[in-house]
Each structure stands twice: as C-alpha cells, then as structure tokens.
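These are my notebook entries on a single model. I went through it element by element and wrote down what I looked up.

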Amino acid sequence: MQPTQTNFENHWMPFTNNRAFRETPQMFARAEGVHYFTPEGNDVLDGSSGLFCTPAGHGRREIADAVHAQLMTLDYTPHFQRAAPVSFELATRLSQILPEGLDRVFFASSGSEAVDSAMKICLSYHRAKGEGQRNRFVSRNWGYHGVNLGGTSLAGMVNNRREFAGVTCDVVHMRHTWREDQRYTPGQPETGADLADDLEEICRNYGAETIAGVFVEPIAGSIGTIVPPKGYLERLRAIADKYGLLLIFDEVITGFGRTGSAFAAEEFAVTPDLMTMAKALTNGAVPMSAVATSAAIQETVFAAAGDTDRPELFHGYTYSAHPVACAAALAALDIYQGEKLFERSRALSPVFLDLIFGLRNLAQVTDLRGYGMMAGIQLKPAETPGLKGSQVQRALFDAGLHVKATGDALIVAPAFVSSQSELEQMADILRRVLGRTE
Ligand code: PLP
C-alpha cells in the first residue's frame with residue numbers, strides 16, 4: 001500500500017518554524033516505552049519524555065483502558081453546577097501526594113490554563129481580604145509559565161512576551177539564578193541564594209501592598225534546567241511571608257517525580273501557597289492540569305461570596321475536570337504508585353546525571369546542569385542565537401534521539417521507566433552528534 005502523502009499546508013504548527021519543518025519534516029507515527037517510531041519505521045529514543053509528559057513511558061495500556069472505559073460510561077459532563085464522582089476521587093488522590101496543606105484542587109486542561117487560574121485565585125484571595133489593590137505579579141527572567149495572557153505576562157523568556165506587550169498585565173521580573181561560578185554544577189549550586197533578595201527590593205520599589213504573588217518554577221525547566229541555589233527558595237518563602245505575598249510554584253515540569261519526590265516543593269522542603277501541575281498528571285495521555293492550594297485560601301475566597309449562591313470564583317473551563325482526563329490521571333497515579341516510579345526516578349538520577357556530566361569535555365558543550373531526572377546541556381552558540389540548538393536537535397533526531405531544545409540549550413528528561421542501557425544509548429548519541437557538530 002502506498003503511504004498517504006501528508007499535506008503540510010493547513011496545520012499551523014505551534015512554536016515551530018513551519019517553513020523549515022515542511023522542507024524536512026521530522027515526524028513520529030508510533031510510540032512504545034521510551035521509543036518513538038517515524039512513519040518510515042526508524043526508532044527514535046525519547047530523551048525528553050515527549051515534552052516532560054510521559055514518565056511512565058508511551059503506550060500504557062492501563063491508561064488506554066481507563067480512558068476507553070470512561071468514554072463508554074460518561075464521556076463528558078459540564079462542571080458548572082454539575083459534576084461526576086471521578087473528579088472528586090482524583091482531587092482526593094492528588095491531595096494524598098501533594099505537599100501537606102495543599103489539598104484543594106482546581107482543574108483545567110493545560111499548564112497555561114493552570115497558571116492563569118492560579119493568578120486569578122491569587123487576585124480573588126486578596127480582594128476577598130480587602131486588599132484588591134494587590135494586582136501586580138512578580139516572576140523571574142528566563143521563566144516559562146505558558147502562553148495564555150497571564151503566563152505571557154509572567155514570561156521571562158523575552159521572545160514569548162515581546163510581540164504581545166499590548167495585552168499583557170503588570171509583572172516585575174527578578175533576575176534568573178544562573179551565575180558564572182555555577183558552570184558544570186550538578187544538583188543545587190552553593191551560591192546564589194542572595195538573588196532571592198530581588199523580591200525584597202521589588203517589594204520596596206513598587207510597594208509590597210501592590211503585589212499579589214510571586215511565580216517561580218522551582219527548577220526553571222524550559223530554559224534548560226536551572227536548578228535553584230541552596231537556600232534560594234527558602235528565602236523567597238520568607239520574603240513572601242514578610243510582605244503578605246502569595247508564593248506560587250509552577251510545577252508543570254517538576255511535578256510527579258521529576259526531582260525524585262512527588263513535587264519539587266517536597267524535594268526542596270519549601271511549601272508554596274499555590275502550585276500548578278500538568279503534563280505528567282495524565283502521563284501526557286489526555287490534556288489536563290490543576291492548581292492546588294490550601295483550605296485557608298479557598299475558605300477566604302468562599303467566605304467573600306457570603307450567603308449568595310453566586311460562584312465563589314468567576315472562572316472555569318468547559319473542559320475543567322473532564323471525566324476522561326480524570327480517568328487517565330487516576331490510571332497514571334496508579335502506575336506511578338504501583339511501580340514506585342518516583343522512587344525509581346530518585347534511584348536512576350545519579351546514573352543519568354553521571355552520563356550527562358560525562359559530556360563535559362566536548363568542545364560544543366559550554367555548561368551542564370541537572371537535578372533528578374532533568375538536565376540541561378548548554379551549547380556553544382553559532383552566530384545567530386538559537387541556530388545551533390535547532391541544528392543539533394535536528395541532527396539528534398536523524399541519529400535516533402528526540403530531545404527538547406530551547407535556544408542553544410538541550411533539555412534531557414527521560415522517562416523514569418528508562419533502563420540503564422537506554423540512558424547509555426541516549427548519552428552515546430549525544431556524544432556522537434555533539435562530537436561532530438562544528
Ligand atoms: N508552566 C511551565 C513551567 C511549563 O513548563 C509549561 C510548558 O512547558 C507551561 C506552564 C505551559 O503548559 P502548556 O504548554 O500545557 O500550556
């Protein structure tokens with residue numbers, strides 16, 4: 001049978017140079033375990049869990065069966081004044097692995113929606129407390145918080161914000177936490193905790209009473225795995241408390257075992273007021289995200305509605321708590337717990353990081369960073385920033401390895417079900433391709 005010719009004209013691809021893609025499309029037709037397969041049948045190892053989505057590997061039958069069963073039982077219900085038991089079951093299951101005190105869960109469909117939902121919960125909370133003037137946010141250079149308008153405003157990756165300035169809201173950025181003396185440091189750098197004092201300075205300069213909350217990724221993921229310096233997150237927590245700001249951890253990448261603990265908040269022993277999660281929530285199988293917060297924050301918002309029967313929060317999505325997504329998430333949590341995948345992530349991390357840091361002597365590599373099962377490989381840039389990253393990403397695909405690239409950084413974040421030999425194969429391909437790249 002002749003393979004059908006793909007017409008590339010109609011689908012406008014996200015975060016892609018569509019014209020270059022059409023010239024040499026790199027596509028996946030099938031996936032199993034930690035392997036993708038191209039339409040031609042070539043095996044491409046998945047070095048980034050897709051896009052940090054699939055710690056349990058691809059093609060998990062348990063999730064497929066749960067999704068099928070849910071579709072045949074209750075395929076959809078609205079969640080405005082209606083519900084299905086499965087969403088309450090999922091919220092309770094999540095509360096058992098969330099950091100203590102964060103046991104109220106609001107569902108959405110993407111990381112971007114979770115970020116914007118968290119922003120609105122912050123604003124609602126302050127308004128409920130009579131502090132409606134707190135409507136400015138703080139985030140950090142190099143941060144990524146999705147692409148909805150709230151997340152675009154928070155963006156510290158300038159390209160994601162620059163063109164859309166007309167619609168963004170008021171955000172002040174702290175400095176990022178990478179410093180020259182941290183080069184080639186695995187784990188948490190010893191220096192840089194003082195960078196958290198940027199938050200204090202912003203509070204003084206802008207007036208703390210105008211600031212609703214501070215958003216950070218505990219480990220900055222999309223920029224290429226920037227690990228927080230020792231003491232940095234603790235200091236942010238203390239300053240946020242001192243000035244009455246809410247601290248929000250965006251755990252869209254770091255959630256569900258990526259650091260070795262269920263969440264980075266637990267790993268770094270700093271509990272935020274709100275936390276976002278997505279991606280691995282369903283092992284990537286069905287779009288779903290969530291915001292977790294405390295009973296105290298929820299009750300403050302609820303109380304402001306008084307005795308009326310109006311919604312306490314004028315916010316929600318058609319697909320909030322979609323029953324099929326809930327079923328997929330429950331099946332993913334069963335796998336994570338049944339196969340002890342967070343523990344496996346912790347056990348595999350030293351092997352993984354040793355392999356990554358073994359690339360240190362390659363001429364093309366200018367920095368290596370890593371924590372848990374995520375690592376960043378910084379490449380020597382070509383004349384045009386970002387060009388090296390995309391060229392190397394393409395060459396890696398041709399050599400049989402998929403990894404995410406941002407600018408001139410590669411981000412490696414394999415599934416926790418990867419075998420040692422699969423991790424070694426990934427490192428071999430990286431060594432081979434980076435070794436021959438000019
Ligand atoms: N927040 C963080 C930390 C992310 O890494 C991402 C995506 O990579 C998002 C938010 C946005 O998630 P989505 O692409 O599902 O909207």
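I began with the burial of helix H12. I found Pro 323, Val 324, Ala 325, Cys 326, Ala 327, Ala 328, Ala 329, Ala 331, Ala 332 and Tyr 336 buried in H12. I call a residue buried if 20 or more other C-beta atoms lie within 10 Å of its own, exposed if 12 or fewer, and partly exposed in between, with C-beta atoms placed from the backbone. Helices (H or I, at least four residues) and strands (E, at least two) are DSSP runs, numbered from the N terminus.

I note here that the model is predicted: local features need pLDDT of at least 70, side-chain atom pairs count only at pLDDT 80 or more, and totals for chains, interfaces and linings use all residues. Residues are numbered from 1 along each chain as its sequence is written.

I then looked up the cover and length of H12. The cover over its buried residues includes helix H3 (61-73), helix H4 (85-97) and H13. For contacts I used C-beta atoms, placed from the backbone, that lie within 7 Å of each other. H12 covers residues 323-338, which is 16 residues, and spans 22 Å from its first C-alpha to its last, close to the 22 Å expected at 1.5 Å a residue. The expected span is 1.5 Å times one less than the number of residues. After H12 comes Lys 340, with a positive phi near 45°.

**Domains**

I looked up the division of the protein chain: domain 1 takes 18-56 + 340-436 and domain 2 takes 64-338. These bounds come from an automatic or database domain assignment. The domain centres, taken over C-alpha atoms, are 26 Å apart. Domain 1 brings 30 residues to the contact and domain 2 brings 28 residues. On the side of domain 1 that touches domain 2, at least two residues each come from helix H2 (49-52), helix H13 (341-357), strand S11 (365-371), strand S12 (374-379) and strand S15 (409-412). H13 gives the most to this side, seven residues. I counted this side of domain 1 by class as 17 nonpolar, nine polar and four charged. In these classes, Ala, Val, Leu, Ile, Met, Phe, Trp, Tyr, Cys and Pro are nonpolar, Asp, Glu, Lys and Arg are charged, and the others, Gly among them, are polar.

**Ligand shell**

Which residues are closest to the ligand? Of the 14 residues that surround the ligand, the closest are Ser 110, Gly 111, Ser 112, Gly 146 and Val 252. Helix H5 (residues 111-128) supplies the largest share of the shell, three residues. By class, I recorded five nonpolar, seven polar and two charged residues in the shell.

**Sheet S1-S2-S3-S13**

I traced an open sheet of four strands in the order S1-S2-S3-S13, with mixed pairing. Its edge strands, strand S1 (30-32) and S13, each pair on one side only. Two strands pair if DSSP finds at least two bridges between them. Strand S2 (residues 35-37) runs antiparallel to strand S3 (residues 43-46), joined by three bridges. Tyr 36 has Val 44 in S3 as its bridge partner, and Phe 37 stands opposite Asp 43. The hairpin of S2 and S3 has five residues between the strands, and Gly 41 there has a positive phi near 95°. S3 and strand S13 (residues 401-402) run parallel, with two bridges. Leu 45 stands opposite Leu 401 in S13.

**Strand S9**

I looked up both neighbours of S9. Strand S8 (residues 246-250) pairs with S9 in the parallel sense over three bridges, and Asp 250 has Thr 276 as its partner in S9. Strand S10 (residues 289-293) runs antiparallel to S9, with four bridges, and Leu 274 is partnered by Thr 293 in S10. In a regular strand the side chains alternate between the two faces of the sheet. In S9 (residues 274-277), Leu 274 and Thr 276 point one way, Met 275 and Met 277 the other, and all are buried.

**Two loop residues**

Is Arg 258 buried or exposed? Arg 258 counts as buried because it has 30 C-beta neighbours inside 10 Å. Arg 258 lies in the loop between S8 and helix H10 (264-267). Its contacts, beyond residues up to four places away in sequence, are Ile 253, Ser 345, Gly 372, Met 373, Met 374 and Ala 413. I found Ala 363 in the loop between H13 and S11. Ala 363 is exposed because 10 other C-beta atoms lie within 10 Å.

Notes
Near = placed C-beta within 6 Å. Contact = placed C-beta atoms within 7 Å.
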